Amino acid sequence: PVINFLKIDVEGKEKEVLNGLNLSKHRPQIIIIEATEPGTVIRSDDMWKDILLNNRYEFAMFDGLNAYYIAEEYSNLFVPKFQKSYICADKTNKKYRILSNEMEFNTSLLPSIVE
């Protein structure tokens with residue numbers, strides 16, 4: 001079966017989770033992974049991004065909290081859509097939304113960023 005997307009939000013244990021995956025056998029089309037130190041806006045993806053890149057995933061975008069990676073075999077289909085995306089802060093709901101022509105993602109609440 002095709003896995004459309006995998007969201008990883010494990011409060012600083014991203015590297016351990018990625019090391020435990022067999023990304024040659026199970027290949028989510030899109031991996032969305034929290035890419036900041038817990039409770040901050042400090043990027044932390046340098047600690048684990050090579051695992052995804054070495055498993056033929058392409059970086060698509062960073063939304064201020066999450067990094068989006070696309071499996072190489074789907075990059076032509078999805079990466080252009082992410083490159084047309086933009087981030088907007090919705091201060092009413094204290095959420096960030098990723099908007100594009102064909103996709104919309106609502107990420108986690110970000111009270112430390114949007115107040």
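The side chain of Arg-27 reaches the backbone oxygen of Leu-23 at 2.9 Å, a polar contact in the sense of a pair of N or O atoms within 3.5 Å, where one must be able to donate a hydrogen and the other to accept it, and where residues adjacent in sequence count only if both atoms are side-chain atoms. The model is predicted, so local features need pLDDT of at least 70 and side-chain atom pairs count only at pLDDT 80 or more, while totals for chains, interfaces and linings use all residues. Residues are numbered from 1 along each chain as its sequence is written, and side-chain values use heavy atoms, with hydrogens and water left out.

Arg-27 lies in the loop between helix H1 (14-20) and strand E2. Arg-27 is buried, with a relative accessible area of 14%; buried means under 20%, exposed over 50% and partly exposed in between, with a 1.4 Å probe and protein chains only. Apart from neighbours within four places in sequence, the contacts of Arg-27 are Ile-3, Asn-55, Arg-56, Tyr-57, Ala-71, Glu-72 and Glu-73, where contact means heavy atoms within 4.5 Å.

Tyr-57 is in E3 (57-62), and Ala-71 is in strand E4 (residues 66-71). The sheet is open, with four strands in the order E1-E2-E4-E3 and mixed pairing. Its edge strands are E1 (5-8) and E3, each of which pairs on one side only. From one strand to the next the twist averages 20°, with axes being lines fitted to C-alpha atoms, for helices over the stretch in contact, and angles running from 0 to 180 degrees between N-to-C directions. Two strands pair if DSSP finds at least two bridges between them.

E1 and E2 (residues 30-34) are parallel and share four bridges; Lys-7 has Ile-32 in E2 as its bridge partner. E3 and E4 run antiparallel and are joined by five bridges, with Ala-67 in E4 as the bridge partner of Phe-62. E3 and E4 form a hairpin with three residues between them, and Gly-64 in the turn has a positive phi of about 100°.

Over the whole protein there are three helices and seven strands, in the order β-α-β-α-β-β-α-β-β-β from the N terminus on. These elements are DSSP runs numbered from the N terminus: helices are H or I with at least four residues, strands E with at least two. Buried residues make up 39% of the 115 residues. Of the contacts between residues at least 6 apart in sequence, 47% join residues at least 24 apart.
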